[in-house]
Amino acid sequence: MSYRIKSYAKKTFLAMDNRYKSVKKVYPNSIDQISQTSGYFMGIKEVQDISEKFISRLNKLGFINHTVDKASLSGRAIDLDLINPLTGNYMTGSSSGTALNVFLEINDLGVGTDGGGSVLAPAMSLNLYGFIHPELGKEVTSKEEVKTSTDGVAFFTSIGLIAKELELIECVIENEFVVESKEGIIIATDTESLLSNEKLINANYNISLVDMPDKFIKERENLIKDLTNLLEHYDIVISKEGPVDVQGFGDTIFGHFSKETKTYQQMANKGFIRVANMVNAVSLCVPTTQLGEGYVIMTKNKKALSHLINIGKKIKEEQDLLSKNYFSNHSKYFEMGV
C-alpha cells in the first residue's frame with residue numbers, strides 16, 4: 001500500500017475519532033477512490049444551500065465526499081461548541097467545522113457558505129485560504145433566499161471554498177468559470193509593504209496606497225458603503241486583516257450589550273471580510289505567517305478573477321511548520337490506540 005493511501009486512511013481515522021467535534025458524518029468508503037496519484041478528500045458544511053449538482057461537479061474533478069462538517073448554530077460568527085486549536089478560543093463561525101477539518105488535514109477542500117464572513121473569517125482564523133464568489137455553485141434554476149444578518153443587514157448567501165493549498169481552489173475556479181484576463185489592473189491597498197513586493201511590481205500592476213480607516217470598528221452599513229466606493233474606482237481592493245478572534249471575538253450578539261462588549265467585539269479585527277459577500281464581491285483571503293492574519297483580495301470585475309489567484313500566488317508566504325508538524329501528523333493522535 002502506498003504512503004499516500006495510508007495517509008488518507010489516517011485522515012478517515014481522525015474524522016471518525018472526531019477529536020475536535022468538527023465532524024457530523026464520515027464516509028469511510030471514500031478511501032476506495034484514493035489512488036497513489038489522485039483523489040482528494042472534501043468536507044461539506046451541514047447546510048442546505050450547497051446543491052447536489054455542484055457537489056457532483058466537484059466529484060468529477062477528483063474531490064471525494066469525506067465528511068459532513070459541523071456549522072455554528074444559526075450562522076453565528078462564533079461557534080461555542082468548537083475550539084480553535086491555535087488560540088484556545090471559541091472557533092470562528094459559521095463554517096467552523098469545515099475550516100477546522102481542512103486545518104487538521106482531515107480534508108483537502110472544504111465547501112462552506114458565507115453571509116457576513118462565514119467562510120473568509122474561519123479560514124483566516126486558521127491561516128487557511130478562503131474563496132467566495134456570488135455565482136459559485138449556483139444553478140440557473142435555483143431560487144435564492146434573502147437572509148438577514150444578526151445585525152439586520154439583508155444578503156444572499158455565497159458558496160465558498162477553504163483549502164491549505166491555493167492550487168485546489170484554482171482548480172475549482174477554472175472548472176466553474178470562464179476565466180477572462182484584463183489588462184491594466186488598478187489595485188488599492190492599505191498595506192505599504194505590497195507597494196514594494198517585487199513579484200507584484202514585475203507583474204506590472206498599478207498599485208495605490210489607500211487609507212481604509214476604522215475598518216475594524218465601523219458598523220456593517222458604513223463598511224458596505226466604503227467597500228462599494230472602493231470597488232467602483234479600483235479593479236481590485238486588498239485589505240490586510242486580523243488577527244481574527246485572537247484578542248477578542250467578532251460576535252454581534254455578544255457585542256451589542258454595552259460599550260465594553262462592543263469594544264471587545266471590535267478587537268476581533270474583522271474588517272471587509274464582514275461585508276465582502278454583502279456587496280457581491282468575489283473574494284480570496286491569503287494567509288500571512290502571523291497567527292490569524294491575512295490579505296483579503298476583492299473584486300467585482302469578472303475579468304479580474306484570474307488576477308485574484310495570480311496576486312494570491314505572488315503574495316503567499318510559507319506555511320508555519322511548527323503548527324503543521326504538531327496538528328497534521330495524524331499518527332500522533334493514535335500512538336496509544338483508540
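Met212 lies in the loop between strand β12 (206-209) and helix α7, where helices (H or I, at least four residues) and strands (E, at least two) are DSSP runs numbered from the N terminus. This is a predicted model, in which local features need pLDDT of at least 70 and side-chain atom pairs count only at pLDDT 80 or more, while totals for chains, interfaces and linings use all residues. Residues are numbered from 1 along each chain as its sequence is written, and side-chain values use heavy atoms, with hydrogens and water left out.

With a relative accessible area of 7%, Met212 is buried; the term buried means under 20% relative accessible area, exposed means over 50%, and partly exposed lies in between (1.4 Å probe, protein chains only). Not counting residues up to four places away in sequence, Met212 touches Ala188, Thr189, Asp190, Leu230, Val237, Ile238, Ser239 and Phe272, a contact being heavy atoms within 4.5 Å. The C-alpha atoms of Met212 and Phe63, which are 149 residues apart along the chain, are separated by 38 Å.

Phe272 also belongs to the largest nonpolar core, which has 45 residues and in which Leu128, Leu227, Phe272 and Met298 touch the most other members. A nonpolar core is a set of buried Ala, Val, Leu, Ile, Met, Phe, Trp, Tyr and Cys residues joined through side-chain atoms within 4.5 Å. At least two residues of this core are supplied by each of α1 (3-17), α3 (96-103), α4 (120-125), α7 (220-233) and β15 (294-299), and the largest share, five residues, comes from α7. Met298 touches, among others, Leu227, Leu231, Ile236, Phe272 and Val282, when residues up to four places away in sequence are not counted. Apart from this core lies another, of 40 residues, among them Ile236, Val282, Ala304 and Ile315.

Helix α3 also contains Ser96, which counts as buried at 0% relative accessibility. Leaving aside neighbours within four places in sequence, Ser96 is in contact with Lys70, Ala71, Ser72, Asp79, Leu82 and Met91.

The two pockets below were found on a 1 Å grid over the protein atoms alone, a pocket being an open set of points where a 1.4 Å probe fits, with protein on both sides within 12 Å along at least five of seven lines, and lining residues having an atom within 4 Å of a point. Grid points are joined across faces, edges and corners, and a volume is the space filled by probe spheres set on the points.

| Largest | About 780 Å³ | Ser74, Gly75, Arg76, Ser94 and Ser118 |

In the largest pocket, α9 gives the most to the lining, with three residues, and by class the lining has 10 nonpolar, 18 polar and 14 charged residues. Here Ala, Val, Leu, Ile, Met, Phe, Trp, Tyr, Cys and Pro count as nonpolar, Asp, Glu, Lys and Arg as charged, and the others, Gly among them, as polar. For the second largest pocket, helix α11 (residues 321-327) provides the largest share of the lining, three residues.

The structure holds zero disulfides, a disulfide being a pair of cysteine sulfur atoms within 2.5 Å. Cys171 is in no disulfide, and the nearest cysteine sulfur, that of Cys285, is 18 Å away. Cys171 is partly exposed, with a relative accessible area of 29%, whereas Cys285 is buried at 1%.
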